[in-house]
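Trainee: I have a model open and want to learn how to read it. Can we go feature by feature?

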Protein chains: 2
Amino acid sequence: MFNEDLDPDTTHSLALDNALDIVALGFDPKLTEIMIDTDRSGLLYPQAIRIAKKITFSTVKATFGFDVSANIGMIFYTSMQAVPAMIESVRAGKNVPCLIPYGIDQDPHFRIARDVLPRLGYLKPASIMSIFIPPLSGVDGKMSSSDPNNAIFVTDSESVVRKKINKYAFSGGRTSVEEHRKLGGNPEIDVSFQWLKIMFEPDDVKLKKIHDDYISGSLLSGEMKSLLIERVNAFLKRHQELRERAKNILPEFLAEH
Amino acid sequence: MFNEDLDPDTTHSLALDNALDIVALGFDPKLTEIMIDTDRSGLLYPQAIRIAKKITFSTVKATFGFDVSANIGMIFYTSMQAVPAMIESVRAGKNVPCLIPYGIDQDPHFRIARDVLPRLGYLKPASIMSIFIPPLSGVDGKMSSSDPNNAIFVTDSESVVRKKINKYAFSGGRTSVEEHRKLGGNPEIDVSFQWLKIMFEPDDVKLKKIHDDYISGSLLSGEMKSLLIERVNAFLKRHQELRERAKNILPEFLAEH
């Protein structure tokens with residue numbers, strides 16, 4: 001994460017916070033090493049400068065649209081971001097294939113990495129991209145922590161989740177129950193439906209029924225929201241427990257493997 | 001050191017080699033901590049990115065003449081170079097005045113550092129600049145390890161020093177002894193005299209006599225060279241002994257203080 005606006009301590013505690021969520025998802029500490037750039041820069045930076053020598057300003061300018069007002073940290077950052085794609089090969093002393101899962105916004109960094117790493121003798125990393133869960137305000141854009149009413153946080157309580165979804169989740173329903181029963185809703189722009197589709201209803205048959213019931217008008221917006229609230233709260237209840245337990249085992253993940 | 005052409009292992013062993021020379025000069029290990037960027041990037045990099053955020057490409061472009069073909073490591077490098085000017089303040093948790101001695105070619109980095117550090121709450125570093133001892137080929141330029149006949153290395157033997165100075169040191173003398181006796185030499189372009197002046201004849205009265213004798217023609221080029229060879233070899237004999245001893249205590253200098 002290269003965040004312009006945050007001081008190093010804040011960035012670091014956010015990184016630790018994110019690490020707890022990763023641990024809570026059930027990764028095996030024996031097989032999983034979490035590196036925070038600034039904590040592990042002793043390992044990462046010497047490799048980053050090897051990569052940096054192969055990337056010109058011209059390339060990052062074309063890739064990210066930087067101009068001369070870009071700061072030199074942003075310009076350099078792709079080098080650090082690319083290191084995980086080869087660090088296991090460096091440590092093993094032989095080429096180790098690498099799969100990088102990332103949010104789609106990180107793709108430009110790894111496109112550059114795929115160009116550069118072979119020139120240092122490493123394999124191109126394979127990529128798997130995640131899309132963003134849309135913000136509550138609508139199906140475009142991404143959730144931002146700076147707009148808390150637009151996002152559900154993994155630390156939100158049951159009642160906060162209920163309130164946020166009921167109050168802020170953009171609905172594809174009609175303005176009245178009567179109209180909705182008659183004309184049906186639009187699941188494509190309904191944030192609650194999209195959340196179910198992307199994450200909270202893994203069963204495609206059930207999802208299809210929700211989708212069709214919404215279009216037919218037999219499922220109301222309030223009912224769609226209730227369905228989502230229930231699923232999100234069930235997920236978060238378990239996640240928050242696992243997240244608490246994660247605090248004890250986090251050091252195992254952060255240690256050098 | 002940000003060297004385009006060297007692999008990281010070579011850069012690192014050169015850094016250790018340079019550290020031996022510093023130790024050999026008599027610094028007190030209790031008061032001296034030597035940091036090699038890539039070994040200590042765990043400490044330095046998190047600070048470097050704080051500095052990097054305050055420097056635009058525009059600034060390094062204007063300062064170093066970079067264009068879009070510059071690699072992003074070179075572009076970022078000023079951030080790392082500036083960290084020693086504030087790292088003691090970071091560690092002490094209060095502003096610690098800092099004097100940076102450096103070769104004149106490093107001045108642009110510290111000019112930028114003097115602009116940026118106050119914006120992070122640190123004192124401007126004070127600077128003391130060293131000039132280069134000229135290469136054997138003439139009083140312009142600087143010695144380069146890639147041209148061994150143009151430089152005396154701290155590891156050169158007595159006979160190599162004698163050979164290099166006799167054969168390669170540019171002389172301000174005349175083409176024949178007769179002419180030299182009659183017209184005198186030119187100490188300003190005489191590399192051996194310049195070396196005596198910059199480093200190997202600390203006594204200004206003696207130096208003045210050598211200078212005047214050369215101009216008058218009573219001191220010949222060969223005699224000037226002999227004088228330098230004797231001084232350089234005396235210095236190197238002692239330096240090489242101290243450098244050998246430095247190998248034992250180098251870890252004390254490299255350890256965190």
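Trainee: Let me start with one residue. Where in chain B does B:Phe132 lie?

Mentor: Keep in mind that this is a predicted model. B:Phe132 sits in the loop between β2 (126-130) and α7 (158-168) of chain B.

Trainee: Is B:Phe132 buried, partly exposed or exposed?

Mentor: Go by relative accessibility. B:Phe132 has 33%, so it counts as partly exposed.

Trainee: Which residues does B:Phe132 touch, beyond those up to four places away in sequence?

Mentor: B:Ile104, B:Asp105, B:Gly141, B:Lys142 and B:Ile198.

Trainee: Now the interface. How much area do chain A and chain B bury between them?

Mentor: Interface size is often quoted as the accessible area lost when the parts come together. Here chain A and chain B bury about 2,500 Å², with 72% of it on carbon and sulfur atoms. A:Tyr45, A:Lys53 and A:Ile72 supply 29% of the area that chain A buries against chain B, more than any other three residues. Each chain is represented in the contact: 30 residues from chain A and 30 residues from chain B.

Trainee: How many salt bridges and polar pairs are there between chain A and chain B?

Mentor: The salt-bridge count between chain A and chain B is zero. Nine residue pairs are in polar contact, both residues at pLDDT 80 or more.

Trainee: Which elements of chain A give two or more residues to the side that touches chain B?

Mentor: α2 (41-52), α3 (57-64) and α4 (72-82) of chain A. α2(A) gives the most, with seven residues. By type, that side of chain A has 16 nonpolar, ten polar and four charged residues.

Trainee: What about salt bridges elsewhere? How many does the structure hold over all chains?

Mentor: Side chains of opposite charge can pair when their charged atoms come close. Over all chains, the structure holds 30 salt bridges. Take B:Glu33 and B:Arg91, which meet at 2.7 Å, N to O. B:Glu33 is in the loop between α1 (8-24) and α2 (41-52) of chain B, and B:Arg91 is in helix α5 (residues 84-92), so the pair ties together parts 58 residues apart in sequence.

Trainee: Which other salt bridge does B:Arg91 form?

Mentor: One with B:Glu88, with the closest N and O atoms 3.3 Å apart. B:Arg91 and B:Glu88 both lie in helix α5 of chain B, three residues apart, about one turn of the helix.

Trainee: Is B:Glu88 buried, partly exposed or exposed?

Mentor: B:Glu88 is partly exposed, at 39% relative accessible area. B:Arg91 is also partly exposed, at 28%.

Note on methods
Residues are numbered from 1 along each chain as its sequence is written. Chains are lettered from A and ligands numbered from 1 in the order in which they are written. This is a predicted model: local features need pLDDT of at least 70, side-chain atom pairs count only at pLDDT 80 or more; totals for chains, interfaces and linings use all residues. Side-chain values use heavy atoms; hydrogens and water are left out. Contact means heavy atoms within 4.5 Å. Buried area is the accessible area (1.4 Å probe) that two parts lose on being put together, summed over both. A salt bridge is a side-chain nitrogen of Lys or Arg within 4 Å of a carboxyl oxygen of Asp or Glu. A polar contact is a pair of N or O atoms within 3.5 Å; within protein, one must be able to donate a hydrogen and the other to accept it, and residues adjacent in sequence count only if both atoms are side-chain atoms. Helices (H or I, at least four residues) and strands (E, at least two) are DSSP runs, numbered from the N terminus. Ala, Val, Leu, Ile, Met, Phe, Trp, Tyr, Cys and Pro count as nonpolar, Asp, Glu, Lys and Arg as charged, and the others, Gly among them, as polar. Buried means under 20% relative accessible area, exposed over 50%, partly exposed in between (1.4 Å probe, protein chains only).
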